[in-house]
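Load the model and keep the sequence alongside. We will go from overall form to single residues.

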Amino acid sequence: MTSQDPTNPSPFDAEPRFDSVEELRTALRNVDYLSDEGIAGIVYLADRLGKPILVEGPAGTGKTQLAKSVAEVLGARLIRLQCYEGLDESKALYEWNYKKQLLRIQATKSDTEGQNWDEIEDDIFSDEFLLERPLLEAIRATDPVVLLIDEVDRVEVETEALLLEILSDYQVSIPELGTITARQIPMVFLTSNNTRELSEALKRRCLYLHVDYPDMEREKEIVLTKVPGLTESLADQIARVVRSIRQLELKKAPSVSETIDWARTLVLLGVEQIDAETATGTVNILLKYQSDIQKVVKEFAAEQKSFSRGGILSPEA
Ligand SMILES: Nc1ncnc2c1ncn2[C@@H]1O[C@H](COP(=O)(O)OP(=O)(O)O)[C@@H](O)[C@H]1O
Ligand SMILES: [Mg+2]
């Protein structure tokens, strides 16, 4: 377990998972993930190069979903490490099961006199007493896995160091056990909402993918895929209005997930045509800051008054 089996081929020689970028795009579409050439291209390349992907971009643009959808395409198990401030080795990599170790020590004490400390020590620092956390679990997996290290910008920059060995060598060093090397190179996704700069060391190990808000065509396709009962024409209006709103100077622009929620709401309300009244009544689904809501509502109202064309709700916008 601690070293690579010499009869096994190197994990770096593994068969490619995808035949072409186009094939991958289609496969993603079949699991309801609408990618573009850029997204599918990087995933394809990451597989070929055996490198992790750092996916960065605004919240709610499908970064986490990309990892989930790739796992689904591959029929692989998704192993997720959700990052947060204060995350440490014992939650990310592994931890010794102290309680069980103590019990073993006590048990040995009472039933044998002869066992010396070295033997006990070897025993309690063996696999049986190891608690696997997501990173180690991914490294040791023998079935196909996708490792998702989600919202990596939430951990302190010092904690990033925990990830470096895994990301470059696909291995974990445990002082008492030795180095555990992956049998296969899992696909690895790191996501970041860009709340802080990540370290150069981390970035260097990854391919970089910036996922931004989708263009209008793709957003329309996303809502059509995700929202049952939505008409082509309403989807089109939704994508246009959302795009116009994103062009305003806001504290927090609507994300794709909010577009989907808005589309669901409009379908529930039986809306066919988005007018100023409907838009104003439902805008709190898209925007979560009062100042943003006020700004956008004002735009809606101005447009209604002047019956202007080319405004935020206009089909030609
Ligand atoms: N390209 C896409 N194709 C399909 N659904 C998407 C896409 N982008 C975003 N979504 C939807 O938006 C939701 C939020 O995406 P998520 O991956 O959680 O965002 P992020 O991790 O970037 O904050 C997803 O659950 C999914 O339903
Ligand atoms: Mg996410």
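This is a predicted model: local features need pLDDT of at least 70, side-chain atom pairs count only at pLDDT 80 or more; totals for chains, interfaces and linings use all residues.

Residues are numbered from 1 along each chain as its sequence is written, and chains are lettered from A and ligands numbered from 1 in the order in which they are written.

Begin with overall dimensions. Along its principal axes, the C-alpha trace spans about 95 × 40 × 35 Å. The radius of gyration of the protein is 25 Å, whereas a compact globule of 317 residues would have one near 20 Å. That radius is taken over C-alpha atoms, and the globule rule is 2.2 Å times the number of residues to the power 0.38.

The secondary structure comes to 14 helices and nine strands. These are DSSP runs numbered from the N terminus: helices are H or I with at least four residues, strands are E with at least two.

How is the protein divided? There are domain 1 (11-89 + 133-210), domain 2 (94-131) and domain 3 (216-306). The bounds come from an automatic or database domain assignment. Between the C-alpha centres of domain 2 and domain 3 lie 61 Å.

Next, packing. Of the 317 residues, 31% count as buried. A residue is buried if 20 or more other C-beta atoms lie within 10 Å of its own, exposed if 12 or fewer, and partly exposed in between, with C-beta atoms placed from the backbone. Contacts are counted between residues whose C-beta atoms, also placed from the backbone, lie within 7 Å. Among contacts with a separation of 6 or more, 75% join residues 24 or more positions apart.

Which residues touch the most other members of the largest nonpolar core? They are Phe 189 and Ile 238, in a core of 74 residues. Such a core is a set of buried Ala, Val, Leu, Ile, Met, Phe, Trp, Tyr and Cys residues joined through C-beta atoms within 7 Å. Helix 11 (residues 232-247) gives the most to this core, with seven residues. Domain 1 and domain 3 each supply at least three residues to this core. Leaving out residues up to four places away in sequence, Ile 238 touches Val 223, Thr 259, Trp 262, Ala 263 and Leu 266.

Now turn to helix 8 (residues 161-169). Its buried residues are Leu 163, Ile 166 and Leu 167. Seen down the helix axis, they fall within an arc of 95°, so they line one face of helix 8. The arc is that of the directions from the helix axis to the C-beta atoms. Their cover includes helix 7 (134-140), strand 5 (145-150), strand 6 (171-174), strand 8 (187-192) and helix 9 (200-204).

Tyr 170 follows helix 8, with a positive phi near 50°. Strand 6 and strand 7 (residues 178-181) form a hairpin with three residues between them. The two strands pair in the antiparallel sense over four bridges; pairing requires at least two DSSP bridges. Within this pair, Val 172 stands opposite Ile 180 in strand 7.

Gly 50 sits in the loop between helix 2 (37-49) and strand 1 (53-56). Gly 50 counts as partly exposed because it has 17 C-beta neighbours inside 10 Å.

Terms used:
Two residues are in contact if their C-beta atoms, placed from the backbone, lie within 7 Å.
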